[in-house]
Amino acid sequence: MSEHEMINGVPVSEEQIEAWAAEAERGYDVQALKKRGRGRPGRGALPSQVVPVRLTVEELATIDARARDEHKTRSQIMREALEAHLE
């Protein structure tokens, strides 16, 4: 690897590569890796469904403004709106 190789803007040395290779050769505890909770946390017992929705620029701007004001994600605002409407 050249001296200019980087990962996330951080230079990677030959020593670091050797350390990573040694760690991989020792093996990984797959169960421990699975417990780390990679990815987004679940919202229920079953996987959530992704539902594409078309919104106008104005609708999206309104949602984003509310999300920013309430320190929430766009998805949280949309889920709350659906829940309030469907109750």
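This is a predicted model. In it, α3 contains 14 residues and spans 20 Å between its first and last C-alpha, close to the 20 Å expected at 1.5 Å a residue. His71 follows α3 and has a positive phi, near 55 degrees.

Helix α1 can be read in the like manner. Covering residues 14-26, α1 has 13 residues. The distance from the first C-alpha of α1 to its last is 18 Å, close to the 18 Å expected at 1.5 Å a residue. Just after α1 comes Gly27, with a positive phi of about 100 degrees.

The next point is how α3 packs against α4. Helix α3 is made up of residues 57-70 and helix α4 of residues 74-86; their axes come within 8 Å and cross at roughly 105 degrees. Because angles of 65 to 115 degrees count as roughly perpendicular, α3 is therefore roughly perpendicular to α4. On the α3 side, the residues in contact are Leu60, Ile63, Asp64, Arg66, Ala67 and Glu70, and these meet Arg74, Ile77, Met78 and Glu80 of α4. By class, the residues of this contact are five nonpolar and five charged, with no polar ones.

Helix α4 also takes part in the largest pocket. That pocket holds about 870 Å³ of space. It is lined by 22 residues, of which Arg43, Gln49, Val51, Ser75 and Arg79 are the closest to its centre. Which helix gives the most to the lining of the largest pocket? It is α4, with eight residues. Sorted by class, the lining of the largest pocket consists of twelve nonpolar, six polar and four charged residues.

Methods
Residues numbered from 1 in each chain as written. Predicted model: local features only at pLDDT ≥ 70, side-chain atom pairs only at ≥ 80, totals over all residues. Heavy atoms only, no water. Axes fitted to C-alpha atoms, helices over the stretch in contact; angles between N-to-C directions. Helix = DSSP H or I, 4+ residues; strand = E, 2+ residues; numbered from the N terminus. Parallel < 35°, antiparallel > 145°, perpendicular 65-115°, else oblique. Contact = heavy atoms within 4.5 Å. Nonpolar A, V, L, I, M, F, W, Y, C, P; charged D, E, K, R; others polar. 1 Å grid on protein atoms, 1.4 Å probe; cavity = no way out; pocket = protein on both sides within 12 Å on 5 of 7 lines; lining within 4 Å. Points joined across faces, edges and corners; volume = space filled by probe spheres on them. Expected span 1.5 Å × (residues − 1).
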